[in-house]
Each structure stands twice: as structure tokens, then as C-alpha cells.
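Here is a friendly walk through one model, written to be read with the structure open beside it.

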Amino acid sequence: MDLTRACLSPADLVGHTPILWIPELRSAAPEGPGFWAKLEGRNPGGIKDRPALHMLARARERGELEPGAPIVESTSGTLGLGLALAGLAYRHPVTLVADPGMEPAMVRLLRAYGARVELVREPHPAGGWQEARRTRVAALLARRPGAYCPDQYNNPDNVAAYESLAEELAGQLGGIDLLVCSVGTGGHSAGVYRALRRDLPGLRLAGVDSVGSTIFGQPARTRLMRGLGSSIHPRNVDYAAFEQVHWVAPGEAVWACRRLTAGRYAGGGWSVGAVALVASWMARTEPPGTRIVAIFPDGPQRYADTIYNDAYCRRHGLLVRAPAADPDEVPHPGHAEATRWTRCTTVLDPLA
């Protein structure tokens, strides 16, 4: 037994996640092309355990978060798990604002971990469910003097939290040529890339978004996938860092998730499927020897009633055959609306 990993606090369980070789999804031949997956689902709640702990710790150090003060934040799930863990570790009550798209099992789990969960019932007319959640957060903060909102979309501590993940990758693999990250708040793509670039100046970054997301300049649409994409424009997205962006549709992510789970016991949620689809394509199309790393933000457990449920997938038209071998290509984010897997090498800040 490695006594250095004996844990006295739930916070000590976070980090030191493994990497796993993933063969290209269409062949699954272990000796062929593939990529390395950083399995952040091995954290207690997933990748956002890291920023949840880091944001609260920094706020406490600066005096912005008083001992025992309440935490209030918007979440689609994974950050909620991280904040529930951080609340237990630092002894803060946690209130999470979610929407009807959150899986009922996740709501029950968050409450079991001691968090209070409030659900908004109507989307915001301009900013959708995300803006509706943020509006409720603002109202709760106004009624609770001393309460603290980490504001994961705009808080630079969210980005800085991923220094540890970058350090782990550097120790596990050394050289990395291409990093593939899903983009929601923009935290882990910016944080991991910036930290790795200090020693790997040639590192390239590919972003993976959801169809219907506004982050990279597409029109806002109702989105089925959670954990990636946004109907607002988070300030933590580092647009200048991305070499390219891919938009992925839900059925394509489901196909990739199920291939991962059956072939490598490494499935996950919507972000995992979308990232794996893109990283697998890059493994086939990049020059031989290119070392590709994909960040897998979570594991499959919370998606038993959605991605891995045939009835749910059939109801939403997600039981598709294998996606096209290659993405559609557009020269500019405003050229056409992406409704299936689409790639663009012009990456612009829509608000610039």
C-alpha cells in the first residue's frame, strides 16, 4: 500500500488520474493509430473537482469567502459534484441551481452529498437555461449576505486550477503534440494548454463544442448534450489558443461513448464521446508518431439513463450508425450552421 495516498480528507482523493491508450474507434486494433486519454472520471466527482477545490481555496485566502459562508453556483452537474466535495472539505453549505435537463439521478446524488438543489423552470428568453440559472444565482446571492459564487464561467481561478492536471500529463507522457479538449466554461482547455505550453511551445489545441452552442460563433439552439457548449460567452475561453474547433452532434457522441465503453471500458458522458470522436479522427489523419492527448472529463455512471439507455436514445433519435468518417469543413463559423460533426480552422471570439 502506498501510504502517501492515504487520505484524511475527501479533497485528498482528487488528482493523480491515469492515462489510457485508446485505439482509433473505427478499427479498435490496439497496434494501430490511437490517442492517450486522461481519465478525469477517476476523480470522486470528475474533472471539476479540481476547480471547485481551487476556487474555494483561493477565495478563502483572499478573504472573499468567510468560514462557514454559503456557496451558491449554477451547474449542469459535474461542477456541482465538485462543489459538494469542496463544501464538505472546507465546511461550507452549498446551494446549486440546475434546470430540468439535469438527470434526476444527479439531483438525488447531489442532495445525498449534502447540497441543496434548486431547479429553474423556464429558460431565459435570450440566454436559455444557462442564463436562467445565473439569474437565479444572482437572486439567491442578493438574499444571502456573505454568500459566495465561484462564477466558473469567468473566474480565472477556474483556469489556474488545471495546473495540476498539466503537471500530471507532463510526468506521465513527457512530449505532447496535440491536445483535444471539450469546451464549456473554457477552464480546462485554457488551463491545461497554458501550463503545458511553457515547456512544449509547439503544442497545438483542438476545441470540441456541441452543435447549437454559441461559444465559437454558431447560432444558439436547444442542446441535448450537457457538460460542453454554452448559450452564453464565458470569458475563460482562450480563443487565441485554439488551432481548430469541431462541433459534434448528440448521436455522434453516443456512438463514440458506446464504442469506448465496449472496447476499452473507458466510457463517459457527452463530452467524452465528442472528444473521443475528434481525437480518433486526428489519430487517423495526423502524421504517424503524433502524440495526441484527449481529456475525458467524467465517467459513464451518471449517464446510465441517457447515453447508455436504448429507450432514451431511440426516443431522441440517437441510435445512429457510425458517424461519417470525416467532419464537414466550413471556412468560417458563420458560413453555415453545423448540424452534424463539423470542423473549422478559423477560430474567432464572437464578441471581439
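## The largest cavity

Glu24, Leu25, Arg26, Trp255, Leu277, Ser280, Trp281, Arg284, Ala325 and Trp341 line the largest cavity. On a 1 Å grid over the protein atoms alone, a cavity is a set of points where a 1.4 Å probe fits but cannot get out, and lining residues have an atom within 4 Å of a point. The space inside is about 50 Å³, where a volume is the space filled by probe spheres set on the points, and grid points are joined across faces, edges and corners. The structure holds 1 cavity of 30 Å³ or more.

By residue class, this lining divides into 6 nonpolar, 1 polar and 3 charged. Here Ala, Val, Leu, Ile, Met, Phe, Trp, Tyr, Cys and Pro count as nonpolar, Asp, Glu, Lys and Arg as charged, and the others, Gly among them, as polar.

## How to read the model

This is a predicted model, in which local features need pLDDT of at least 70 and side-chain atom pairs count only at pLDDT 80 or more, while totals for chains, interfaces and linings use all residues. Residues are numbered from 1 along each chain as its sequence is written, and side-chain values use heavy atoms, with hydrogens and water left out.

Which helix gives the largest share of the lining of the largest cavity? That is helix 9, with 4 residues. Helices (H or I, at least four residues) and strands (E, at least two) are DSSP runs, numbered from the N terminus. Helix 9 covers residues 270–285, 16 residues in total, and reaches 23 Å from its first C-alpha to its last, close to the 22 Å expected; the expected span is 1.5 Å times one less than the number of residues.

Helix 1 (residues 49–62) contains Leu56. Leu56 counts as buried because its relative accessibility is 0%. Thr95 is 39 residues apart from Leu56 along the chain, and their C-alpha atoms are separated by 14 Å.

An open sheet of 8 strands has the order 1-2-9-6-7-8-11-10, with mixed pairing. Its edge strands, strand 1 (19–23) and strand 10 (328–329), each pair on one side only. Two strands pair if DSSP finds at least two bridges between them.

Strand 7 (residues 204–210) is mostly covered, with 6 of its 7 residues buried. Strand 6 (residues 178–182) runs parallel to strand 7 over 5 bridges, and Leu179 stands opposite Leu205. Strand 8 and strand 11 (residues 342–344) run antiparallel with 3 bridges, and His246 stands opposite Arg343.

## The second largest pocket

The second largest pocket has a volume of about 440 Å³. A pocket is an open set of grid points with protein on both sides within 12 Å along at least five of seven lines. Its lining has 23 residues, and Gly41, Asp298, Gly299, Pro300 and Gln301 lie nearest the centre. Helix 2 (78–90) and helix 3 (104–112) are the elements that give two or more residues to this lining. The lining residues divide into 10 nonpolar, 9 polar and 4 charged.

Notes. Buried means under 20% relative accessible area, exposed over 50%, partly exposed in between (1.4 Å probe, protein chains only).
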